[in-house]
Amino acid sequence: MTTIARRTHDLTVSRAPFVHATVVRAQDPTSARPGDDAVILPDGTIEGFVGGMCAESSVRAAALDALRDGKALLLRVLPDGAPAFPDTPGARVVVNPCHSGGALEIFLRPVLPVPVLGLVGDTPISAAVATLAAFLDFEVATSGDHSGATAVVVAGLGKGEQDAVRAALDAGVGHVALVASRTRGAAVLDELALSDAERARVRTPAGLEIGARSPQEIALSIMAEVVRALRVDGLASSPAPPAALPQQAVDPVCGMTVLVGPDTPHVRIDGTDHWFCCPGCRDRHVAA
């Protein structure tokens, strides 16, 4: 296993978001070659190699955008005035002002933690939900600790429901599915004396109305509602607040977008901060 492959494995296991960048095409002269790869973390840190300083700056900026929207991206880093690659619809094109003159195409794939489904209860319905959720690539947690859960399904059918709903709401879970009839579900929530905002986060009866009867069909309706909340209603995949992304700035010399960090070339002139992709651009700006 390569160093980057091992790193991506460790990040995935630890549920840390990152972007896996892979060079898929290179046009000489360039220091990167197809197959070179790297991981970019939410703080803009890059581990691995996908090109020199100018290309790396563009990759880091594009990777953070990919983390924001969760969508893969093909980044084309082209030299100014050099022969271009064939058109690639949907790709992002940036101009590389460095003197190497090479061109690169880099595929950026965001790797986000799989959503966690908290599950409460030891019933046929909870067993069916666990099976279907795992098939849908949810991580199923039955520990009762709902921190980090995307949704919680309470399927105790009368056992410990109030405590489970209260714990899920206190953990910040945005979608709590209580398996109960409409009448009993309303009674359970009335006993909890929820605020309007908390009540809006609880779904009871749980699931979409599909005429479900068997535990498997009920599980299907519950998970369909959870998936709809994620994909349509904008439910966050984790209740934890997103990490603050680094500040971005535009190099006033070459126009590249750069991430502002302790190692970013920088100069302050007449009370204004200027950030650069490389020391060369900074030196040209100061000289001008």
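Author: Start with helix 4. Its buried residues pack against strand 7 (116-120), strand 9 (151-154), strand 10 (175-178), helix 5 (182-192), helix 6 (196-199) and strand 11 (202-203). Keep in mind that this is a predicted model.

Reader: Which residues of helix 4 are buried, and within what arc do they fall?

Author: The buried residues of helix 4 are Glu-161, Ala-164, Val-165, Ala-168 and Leu-169. Seen down the axis of helix 4, they line one face, because they fall within an arc of 130°.

Reader: Which exposed residues sit on the face of helix 4 turned away from its buried side?

Author: Look away from the buried residues, which include Ala-164 and Ala-168. The face of helix 4 turned away from that side carries Asp-163 and Asp-170.

Reader: Is Glu-161 buried or exposed, and what is its relative accessible area?

Author: Glu-161 belongs to helix 4 (residues 161-170). Not counting residues up to four places away in sequence, Glu-161 touches Val-154, Leu-178, Val-179, Arg-184 and Val-188. Buried means under 20% relative accessible area. Glu-161 therefore counts as buried, at 2%.

Reader: Which residues of helix 5 are buried, and what arc do they cover?

Author: Helix 5 buries Gly-185, Val-188, Leu-189 and Leu-192. They are on the same side of helix 5, because they cover an arc of only 95° around the axis.

Reader: What do the buried residues of helix 5 pack against, and which exposed residues are on the face turned away?

Author: The buried residues of helix 5 pack against helix 4, strand 10, helix 6 and strand 11. The face turned away from the buried side of helix 5 carries the exposed residues Thr-183, Asp-190 and Glu-191.

Reader: How do helix 4 and helix 5 cross, and how many residues of their contact are charged?

Author: The axes of helix 4 and helix 5 come within 10 Å and cross at roughly 65°. Helix 4 passes helix 5 in a right-handed crossing. Helix 4 brings Glu-161, Gln-162, Val-165 and Arg-166 to the contact, and helix 5 brings Arg-184, Val-188, Leu-189, Glu-191 and Leu-192. These residues divide into four nonpolar, one polar and, for the class you asked about, four charged.

Reader: Are helix 3 and helix 7 parallel or oblique to each other?

Author: Helix 3 (residues 124-135) and helix 7 (residues 215-231) pack with their axes 8 Å apart, at an angle of about 55°. Helix 3 and helix 7 are therefore oblique.

Reader: How many residues in the contact of helix 3 with helix 7 are nonpolar?

Author: Helix 3 passes helix 7 in a right-handed crossing. Among the contact residues are Ile-125, Val-129 and Leu-132 of helix 3, and Ile-218, Leu-220 and Met-223 of helix 7. The contact holds no charged residue and one polar residue, and its nonpolar residues number 12.

Reader: Which peptide bond is cis?

Author: Look in the loop between strand 11 and helix 7, where Pro-205 lies. Omega is near 0° for the cis bond from Thr-204 to Pro-205.

Reader: Is Asp-270 buried or exposed, and what is its relative accessible area?

Author: Asp-270 has a positive phi of about 50° although it is not a glycine. The loop between strand 14 (266-269) and strand 15 (272-275) holds Asp-270. Exposed means over 50% relative accessible area. Asp-270 is therefore exposed, at 77%.

Conventions:
Residues are numbered from 1 along each chain as its sequence is written. This is a predicted model: local features need pLDDT of at least 70, side-chain atom pairs count only at pLDDT 80 or more; totals for chains, interfaces and linings use all residues. Side-chain values use heavy atoms; hydrogens and water are left out. Axes are lines fitted to C-alpha atoms, for helices over the stretch in contact, and angles run from 0 to 180 degrees between N-to-C directions. Helices (H or I, at least four residues) and strands (E, at least two) are DSSP runs, numbered from the N terminus. Angles under 35 degrees count as roughly parallel, over 145 as roughly antiparallel, 65 to 115 as roughly perpendicular and the rest as oblique. A crossing is left-handed if the near helix is turned anticlockwise from the far one by less than a right angle, and right-handed if clockwise. Contact means heavy atoms within 4.5 Å. Ala, Val, Leu, Ile, Met, Phe, Trp, Tyr, Cys and Pro count as nonpolar, Asp, Glu, Lys and Arg as charged, and the others, Gly among them, as polar. Buried means under 20% relative accessible area, exposed over 50%, partly exposed in between (1.4 Å probe, protein chains only). The arc is that of the directions from the helix axis to the C-beta atoms.
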